Amino acid sequence: MNTDPDLLKRLSRGEKNAYEEVFMRYHAKVFRFIRTILHGSDSAADLTQNVFLKIWNNRQSLVRIQSFDAYLFTIARNETCDYLRRKQSSLKYLLAQQECQEPSCDLPYCYDSERMARLVDNAIARMPAQRQLIYRLSREEHLSNAEIAERLSLSKRTVEHHLSLALNDIRHALGPLVSGLFFFFVSRWV
């Protein structure tokens, strides 16, 4: 069996039987590596083929490679990361397209969201001063509980308690509009 440096020299000269030997020696390993990253995706076979296509297209530079395994698995990792980025971008594009096709404002929804915003604003305005301040620092300035505690010279537990009370106030104000499950999703918004 050829040693890797000899095999790489032959491959860099364009010998197809050297390429076939590299393919046979490493294909299964690369496929398992990619499939593990993608959690068993059907795309692993295509990405594995892309890796070996890149090896063939860049064969002249292989003689300078110190560790072919590291080189090969770096290509496999990069190919997989690129695939995941493309997949994420296409998902974002599809979601954006779907939003564009939906009507911009469904009247009952707009009315309910405006009503909900008013109810939330009223609930916040009725809170005691310290609870209101803690709530605003958390939701409007996006401070963590620890940062709020430090800024106001309070314990983190006190901050958590006030936020819990504030969310309860809002939950009660929204009671007629919002079920418990829906409030879970909205709590990030308010």
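In which helix do Phe-68 and Tyr-71 lie, and how many residues apart are they? Both belong to helix H4 (residues 68-101), where 3 residues, about one turn of the helix, separate them. The model is a predicted one.

A search of the whole structure returns 6 aromatic pairs. In one of them, the ring centres of Phe-23 and Phe-52 lie 5.0 Å apart with the planes at 65 degrees, so this pair is edge-to-face, the angle being over 60 degrees. Distant parts of the chain are linked by this pair: Phe-23 belongs to helix H2 (residues 16-37) and Phe-52 to helix H3 (residues 44-57), 29 residues apart. Phe-52 is buried, its relative accessible area being 0%. The rings of Phe-68 and Tyr-71, by contrast, form a tilted pair, because their planes stand at 40 degrees, with the centres 6.4 Å apart. Phe-68 is buried as well, with a relative accessible area of 4%.

Ring pairs also join Tyr-19, Phe-23, Phe-52 and Trp-56 into a cluster. Over the ring of Trp-56 sits the charged end of Arg-59, 4.0 Å from the ring centre.

The nonpolar interior can be followed next. In soluble globular proteins, nonpolar side chains tend to be buried together. The largest nonpolar core here has 23 residues, of which Leu-11, Ile-34, Ile-55 and Phe-68 touch the most other members. Helices H1 (4-12), H2, H3 and H4 each give two or more residues to this core. Beyond four places away in sequence, Leu-11 touches Ala-18, Tyr-19, Val-22, Ile-55, Trp-56, Arg-59 and Leu-62. Another core, of 18 residues, lies apart from the largest one and includes Ile-148, Val-159, Leu-163 and Ala-173.

Methods:
Residues are numbered from 1 along each chain as its sequence is written. This is a predicted model: local features need pLDDT of at least 70, side-chain atom pairs count only at pLDDT 80 or more; totals for chains, interfaces and linings use all residues. Side-chain values use heavy atoms; hydrogens and water are left out. Rings of Phe, Tyr and Trp (its six-membered ring) pair if their centres lie within 6.5 Å; planes under 30 degrees apart count as stacked, over 60 as edge-to-face and the rest as tilted. Helices (H or I, at least four residues) and strands (E, at least two) are DSSP runs, numbered from the N terminus. Buried means under 20% relative accessible area, exposed over 50%, partly exposed in between (1.4 Å probe, protein chains only). A charge sits over a ring if NZ of Lys or CZ of Arg is within 6 Å of the ring centre and within 35 degrees of the ring normal. A nonpolar core is a set of buried Ala, Val, Leu, Ile, Met, Phe, Trp, Tyr and Cys residues joined through side-chain atoms within 4.5 Å. Contact means heavy atoms within 4.5 Å.
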